[in-house]
Amino acid sequence: MNNDAFLAACRDAIGDSHVLTSDADKAGYLTDQRQRYTGQAIAVVKPANTQEVAKLVQLCNQFRIPIVPQGGNTGLVLGSVPDQSGQAIVLSLKRLNQIRAVDPVNHTITAEAGCILQQIQDAATTANRLFPLSLAAEGSCTIGGNLSTNAGGTAVLRYGNSRELCLGLEVVTAQGDILHGLRGLRKDNTGYDLRDLYIGAEGTLGIITAAVLKLFPRPTVQLTALAALQSPAAALHLLTLAQERCGATLTGFELISDLCLQLVGKHFQQLPFPFAQRHPHYVLLELSDSEPAPHASALLEALMSEALEQDICQDAVLASSGAQSRALWQLRESISSAQAKEGKNIKHDISLPISRIAEFIADTDALLQQHYPACRNVTFGHLGDGNLHYNVSPPEGMDAERFIEQQAAINLLVHDNVNRMNGSISAEHGLGALKREEILRYKSPVEIALMKTIKQALDPLNLMNPGKVI
């Protein structure tokens, strides 16, 4: 069997125009989001529906062709691009982009894997419901990728990760069978939870083709504030106070270091800095409420007044309109883009027990300065759920390429400290190929053995995204 026969069979299955083999046509699917790595592939195939996905997987089994599933290709750990062997296909799910059903009474939406996250948010809004998953790439990432990496975003504090937002899945297995699990049930205690095997598996066990997702009543009001603080420890005090005073209305709680906003100001000068003077750290917090607006406004004003009186924060800006709220969130959402414009940097997507975040930042900042003087810590993230984006940029004026050569040593320093504090080296980005070997240092032999057992049982030919996760 050869590639020509395989490609001919693929064209018969999904049509000539959806089997891309020229270098020009494949190019956009082979390079990762950060433009640091380009793989090779026999072809990029673009099925239109679940049945075509199943047929392609069956062909890959027949011809022993590895498969790299791909959604929006917005991942940061090389999970959705092929290696450089050129032996795999990229299976793009972008044509599976239909909203199949919206059930406002059951508070669910059924969407295909190639639906853009923002498309699902908009469909929920049309039905006067809320789909709360929100992240910076929501205009280009797909729900299949979100589920395959168990994406988090800015509202995990209240609504949970992608896993918590999913009630059922349709999956094409590694053998090309279709698992029909699109049941919008909140209780189904009938055996092993197959859904949870595929969520967060990064396409290594099967291909998610559709999902039933939870919707929520739309809040009548969303209020935003930006607080200026001296330290991450003060941010934790503010988080505790906000949870005590505001309860479930606290939807988002984002920690931002001053360097983050300095970079945003440098590269996005149209975004005004909201304070008269700079402060070491900031917290962007959001309340959402189904009560009339005065209720949430009173909660937020009382919270910020108490925080100022207790000297937890030094200053605060409360958005008085939707436009002001969007402007504050734009500061937060522009951090990654500002970092990219500043140049190459070393990213860490980590999670920690919330109570240890201040200790981690202080200890790890000091260690990095000891070993890599003048490096710049670009620290931000979802403090309310313990997820930090702890990124390290080269000192000003230093050649970025020379600094990146130290990535392995810097990763080791950061991740060892994460592990020492009972954290995780991947909070929401996944392992992909980038952290596949590194995780062996931190997971126990029992965990690794169980993961390998599951992989062998579900994908014995190792055709599903090989070289990723495990």
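These legends walk through several close-up views of one predicted model.

In this predicted model, local features need pLDDT of at least 70 and side-chain atom pairs count only at pLDDT 80 or more, while totals for chains, interfaces and linings use all residues. Residues are numbered from 1 along each chain as its sequence is written, and side-chain values use heavy atoms, with hydrogens and water left out.

**View 1. The stretch that UniProt annotates, residues 37-218.**
An unreviewed UniProt entry lists these residues as "domain: FAD-binding PCMH-type". UniProt positions follow the numbering used here, feature names are shortened, and annotations may be inferred rather than shown by experiment. Over residues 37-218 the chain is 24% helix and 25% strand. Helices (H or I, at least four residues) and strands (E, at least two) are DSSP runs, numbered from the N terminus.

**View 2. An open sheet of four strands, in the order E1-E2-E4-E3.**
Pairing in this sheet is mixed; two strands pair if DSSP finds at least two bridges between them. The edge strands are E1 (19-20) and E3 (67-70), and each pairs on one side only. E1 runs antiparallel to E2 (residues 43-45), and two bridges join them. Look for Leu20, whose bridge partner in E2 is Val44. Helix H3 (residues 50-63) lies across E2, E3 and E4 (89-92), running at about 170° to E4.

**View 3. Strand E10 and its partners E6 and E8.**
Strands of a sheet pair through backbone hydrogen bonds, either parallel or antiparallel. E6 (residues 108-112) pairs with E10 in the antiparallel sense over five bridges, and Ala111 has Ala211 of E10 as its bridge partner. E8 (residues 166-173) also runs antiparallel to E10, joined by seven bridges; here Val171 has Ile208 of E10 as its bridge partner. How many of the nine residues of E10 are buried? Eight are, so E10 (residues 206-214) is largely enclosed by the rest of the structure. Buried means under 20% relative accessible area, exposed over 50%, and partly exposed in between (1.4 Å probe, protein chains only).

**View 4. Helices H14 and H16 packed together.**
H14 (residues 357-371) and H16 (residues 407-420) pack at an angle of about 155°, with axes 10 Å apart. Axes are lines fitted to C-alpha atoms, for helices over the stretch in contact, and angles run from 0 to 180 degrees between N-to-C directions. The two helices are therefore roughly antiparallel, a label for angles over 145 degrees.

**View 5. Ser134 in a loop.**
Ser134 sits between strand E7 (129-130) and helix H5 (143-148). Is this serine buried or exposed? Ser134 is buried, with a relative accessible area of 18%. Leaving aside neighbours within four places in sequence, Ser134 is in contact with Gln121, Gly152, Gly153 and Thr154.

**View 6. Asn73 and Asp311, each with a positive phi.**
Most residues other than glycine have a negative phi. Asn73, in the loop between E3 and E4, has a phi near 55°. Asn73 is buried, at 11% relative accessible area. Asp311, in the loop between helix H11 (293-309) and strand E15 (315-318), has a phi near 65°. Asp311 is exposed, at 55% relative accessible area.

Conventions
Parallel < 35°, antiparallel > 145°, perpendicular 65-115°, else oblique. Contact = heavy atoms within 4.5 Å.
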